[in-house]
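The following note sets out points for a colleague who is reading the model alongside its sequence. Please consider them in order.

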Amino acid sequence: MEAFNSLILILDATLRVATPLIFAALAGMFSERTGIVNIALEGKILASAFAGAAAAYVTNSPWMGLLAGVMVSVVFAWMHAFATVTHNGDHVVSGMAINILAAGLTAALGNFWFKQGGNTPNLVDPFNDIDARFSPITLPFADQLADVPVIGGLYSELISGHFLLVYIALAAVPVCWWVMFRTRFGLRMRAVGENPSAVDTAGISVAGMRYLSLTICGVLAGLAGVYLSVAVTAQFLPNMSAGKGYMALAALIFGKWRPRGALLACLMFGILQAIADRSQGVSLGGFAIPVQAIEALPYVLTVVLLAGFIGKAIPPKAIGRPYVKERE
Amino acid sequence: MSQQHVPAWIHVIVIPLANILLASFAAGLVFLYLDINPLDAVSTMAYGAFGDSYGWGYTLYYTTSFIFTGLAVAVAFHCGLFNIGGEGQAYIGALGVGLVCLGLGGHVPFIILLPISIIAAGVFGAAWALIPAWLQAYRGSHIVITTIMFNFIASALMGYLLVEVLKPVGTMSVESAVFDQASWIPKMWEVLGFFGIDLQKSPLNLSIVWAILCAAGVYYFIWQTRWGYEIRSTGQNSSAAEYAGINLGKTVVLAMLVSGMLAGFFALNVVQGEAHQIKLSLVNGMGFTGIAVALMGRNHPLGIVIASLLFGFLYQGGGELQFEYGVDPRIIVVLQGLVILFSGALEKMMKHPIEKLYLKLASGSKKSAAAEA
Amino acid sequence: MTAQTDVAAQMAIELRGIDKRFGAVHANKHIDLQVEKGTIHGIVGENGAGKSTLMSIIYGFYEADEGDILIDGKVTRITDSKIAIASGIGMVHQHFMLIQNMTALENVVLGAERGFLINESMDHARAELVRLAKEYGLDVPLDVPVERLSVGLQQRIEILKALYRGARILILDEPTGVLTPQETEHLFKVLDSLKEQGTTVMLITHKLQEIMAATDNVSVMRRGEMVAHVKTRETSREQLAELMVGRKVLLRVEKGEPNPAEKLLEVEGLTWTASDGVVKLDNVNLNVRAGEIVGIAGVSGNGQSELLDVLSGIKNVQSGTIRLNGHEINQGHQLNPSQVRDIKVGHIPEDRHKMGLINSFNADEAFILGFHRKPEYNGKIFTKRQAINRDCAEKMDKWDVRPQDPNLKTANFSGGNQQKLVIAREMEQDPDVLLVGQPTRGVDIGAIEAIHNRIIQMRDKGKAVLLVSVELEEIMSLADRILVMFDGKIVGEVPASKANEQILGLMMANIVPDEVKALQQEASA
């Protein structure tokens, strides 16, 4: 029973940790499938986390926070599109620019507005009548079933009691799959990432498709950021994205640029993180595995995958290349 | 085709300057929003960075770091590789320097220790670049992604080593023991003081000499040796390089080793020259600053030295802004991002208008000359 | 006035004063053109004459700087491909515009979907494609990723794409470059049946026999200008050739009899398979003697590039043996490109932009590509920049490369001068064996003659020359013996004196005519 309970706790934490990764990986999928390399997820998450927390605090509403966070992330995505699509800029360089800009702007503006060393004020502050955090949702009968063995643990602990955004993230995976493989937009999107000239000659605007995809990317990355600040931490902390954008990128690659694969990779990385958070290392057959090794494992696995030692990850063919009409 | 008529100085000087001006203008707007007059801010920063020997000591100390990380990015760039791993390579370079200083400091004279620690910094940094390089060259994994991953792996590895191995027993903070004083790279104020020139104390140390030597070395290596030729050929046109009998894999590995080595040298300045111990996240984003430096310096060592000086000024001057205006010093990071945005990502935005303008002016002046004749 | 309108109404497409510049390059100079409805109209011209640019303007890929396009007599502003498609124009590009990992069906539907969901579009397209396939003989597997289909089939998908979108005017840009003669014949049949159904076809090519075989009218372009419009049955190949190049063409280069001596290049049982499993070289046997030029003819993509790559050391030998200037190369003993150069083998690559030069380098740096490790260019550590510069200037003078400036960026030379730079570099090393690929591709007429003469000079100096070219005329005028490649195999050999386009054309389609068989039996007996 003890083992079962701690398993439930770890899985519960996994969902919590994996949610921003899922949002961000799906965000990355929309951008990379149209050929835009996206190392800028990190910056978009950070910017939206900040904007979300700041707006939620000022308006005293998590929903306004959500709106502001998503909007800011979309603005950053448009900046990304402006550089890579309109001006054929290098995708990686523009991604770096966005990440660094987001780090600098959130710190500078945060300090200027709230004078708390870059933090935003706490979103739950009864003394000042502030309650702008998303609350966890208790599913029907969760309380009644809590004491039933096994089912109680599974339902009341693991399935119930998460933030709304966790459920949205899980629902977003099949929705994104459906959009990508069953709709006109998805067909065109996948085509742009493979051969933009062909899409252009089919009478579809390559730039338009890329702007649209990056907009969706911005919305999803924004949800990841808002989840961190408005739901989990209830305040913004400098650099709180802490590499989640890069890890999501790794998950996307690990999932071979497909929604289900990305979901599984996010959950796997989430479990590793949950284990690392829970314990000071794990011992395996008498040999102690340090917690840092577990933390580094997602990155190591991605490197190994990319090297083609376990399966093969084939990126979209036109990825990273600006689309310029070639002359003869 | 239009390049044919546009002289080189337009591309080397006018367009980069225009991009930097745009970045400064955008930054100026941010300053205005933060209730700071940008011009006052510049003079405050200039005073902080160059007003006294303390100020420019710090400025040049940062400059030294940026020369190393900027050169690292540039060498890889010439081979067509985007090395985002400077952050991790510098961190691991610090491990090399730290091990040498902790192990040999006080046991061997400085004059013998220094070459060893230089080699250790270079070898450790290069080693951390080797795996991504090898994977790019022989397994086709994309160097951008692997070097990003290696930054995180480096940080986990160093975290582990600092907590479990390097932290002296009984201390609380996560850092290594302080090196024996005999292993410290002399500070500039000490050296010049010896010659009777009085300076205020600052972290500027003799590493800057090594940084300048490295910049010169990179120039000669890239443009005046057959290895540099092979690196540039590979970067510009890899199938032509293959046709020429250049071993692409070896060239990629060589370029990344040199790149990683230069990033590793960062630790000489920051660890052996100033901190005198290995600390958590000691690189602190300066590896990424190298990208901005290389872009701004157009991957040329001379440009990189100048860009490093500018960023040194920004870093030191940015600190001054905090005292003067109470603004977060990370405002400098905004400017850094804007430089990467305008000089790198939006590099082509200004190119066509400026080229057009030049051609218009040039043909205009030709016409009027013809009319006069 | 009415008469004019009548003429205009008979025209599927009319161009009036189309003008287009790319920076300093004047690609189309005030082009006028009328294409009658329901005809096959050929556009001929050399590489770089501006044909593709003109077609791209009609298809909305580029916008003309000046001039009008009239479709069915109405001025139409075509700013992008969408408008072109809506106006009933379809185009089959030289490089197919297909998404390789998608099926034929998905490729056809892309951009012509019928609603937000694709299932219904797919069903509709499937029914329509089956009908089109029956009507025009355009059968293709609909549910296989395009990358697994042959180029002939991929081209059919391109035509189907255009027809599915309701094209009444079909433009084909160099459609036969990658096809076998049979596939070409089938294509022309398809075009004929399209014409019968009232579709107007524009066929862009630089191959005159195709113009003669397939078209009703033909327009000739030269250096960006439209120089003539003629009815096909009232013209001849000779006249068209003259119009194309602007003067009488020397179809044969002056050269004496060859003096073949010892074998300097022998290839036995050479087989090479690409990483995707496609056999690119299939048991190739050939030899080249000192003092002769052996030509390799064939439709491009039949293994010629791989043959040059393996011989020059760029690709490894997988099985078989090469004896190159006294050195044996096989699976266990490979030579890399610089080792191949060291045994006095020169290589003029097929594509100078992709391989032969580095466009961003100065001419002198491009001039040492492949020889950059030679002792005369290097000190112990540093390169000898001055020696390189001087050497390059000297050779530029000798080979008449203009402008004669070793510090000029390679990209800023014309195609002919770039090619001369490559040829000078390789020939100046005085190789015993010379591998030559497409020596005059994208080169102006004046330079072609000079290059051909240089190649013959090498032969007369007793060098062994292997020449790969897809231009039959070039092969026939330079080579002493001609081998034909098809699908990675050597189909057969013909002495240049016995070769003509008909024989070679059949062999390029993997058919060995009896007279060639007889010749080969004679030789072996």
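1. Sheet of chain C. In this predicted model, four strands of chain C form an open sheet in the order β2-β1-β4-β5, with antiparallel pairing. The edges are β2 (25-36) and β5 (74-75) of chain C, each of which pairs on one side only. In general terms, the strands of a sheet pair through backbone hydrogen bonds, either parallel or antiparallel.

2. Pairing of β1(C) with β2(C). Strand β1 (residues 11-22) of chain C runs antiparallel to β2(C), and 8 bridges join the two. Within this pairing, C:E14 has C:Q34 of β2(C) as its bridge partner.

3. Contact of chain C with chain A. Chain C contributes 22 residues to this contact and chain A contributes 18 residues. On the side of chain C that touches chain A, α2 (51-58) and α3 (81-86) of chain C each supply at least two residues. The element that gives the most to this side is α3(C), with 3 residues. By residue class, the side of chain C that touches chain A divides into 12 nonpolar, 7 polar and 3 charged residues.

4. Fold of chain A. Chain A contains 13 helices and 6 strands. Its C-alpha atoms fill a box of roughly 70 × 50 × 40 Å along the principal axes. The radius of gyration of chain A is 21 Å; because a compact globule of 328 residues would have a value near 20 Å, the two agree. Of the 328 residues of chain A, 55% count as buried. Among the contacts in chain A between residues at least 6 apart in sequence, 74% join residues at least 24 apart.

5. Contact of chain A with chain B. Here 36 residues of chain A meet 37 residues of chain B. Three helices of chain A, namely α4 (91-114), α11 (244-254) and α13 (291-306), each supply at least two residues of the side that touches chain B. Of the elements on that side, α4(A) gives the most, with 14 residues. The residues of the side of chain A that touches chain B comprise 23 nonpolar, 11 polar and 2 charged.

6. Domains of chain B. Chain B is divided into domain 1 (1-36 + 329-357) and domain 2 (61-326). The C-alpha centres of these two domains of chain B lie 26 Å apart. In the contact between them, 13 residues of domain 1 of chain B touch 13 residues of domain 2 of chain B. Helices α1 (8-33) and α14 (331-345) of chain B each supply at least two residues of the domain 1 side. The largest share of that side, 8 residues, comes from α14(B). The domain 1 side divides into 10 nonpolar, 3 polar and no charged residues.

7. Nonpolar cores. Which residues have the most contacts inside the largest nonpolar core? They are A:F23, A:A25, A:L26, A:A251, B:L71, B:I340 and C:I58, in a core of 304 residues. With neighbours within four places in sequence left aside, B:L71 is in contact with B:C214, B:A215, B:V218, B:L262, B:P301 and B:I304. Another core, of 85 residues, lies apart from the largest one; among its members are C:A464, C:V465, C:L472 and C:I482.

Note on methods: Residues are numbered from 1 along each chain as its sequence is written. Chains are lettered from A and ligands numbered from 1 in the order in which they are written. This is a predicted model: local features need pLDDT of at least 70, side-chain atom pairs count only at pLDDT 80 or more; totals for chains, interfaces and linings use all residues. Two residues are in contact if their C-beta atoms, placed from the backbone, lie within 7 Å. Ala, Val, Leu, Ile, Met, Phe, Trp, Tyr, Cys and Pro count as nonpolar, Asp, Glu, Lys and Arg as charged, and the others, Gly among them, as polar. Domain bounds come from an automatic or database domain assignment. A nonpolar core is a set of buried Ala, Val, Leu, Ile, Met, Phe, Trp, Tyr and Cys residues joined through C-beta atoms within 7 Å. A residue is buried if 20 or more other C-beta atoms lie within 10 Å of its own, exposed if 12 or fewer, and partly exposed in between; C-beta atoms are placed from the backbone. The radius of gyration is taken over C-alpha atoms; the globule rule is 2.2 Å times the number of residues to the power 0.38. Two strands pair if DSSP finds at least two bridges between them.
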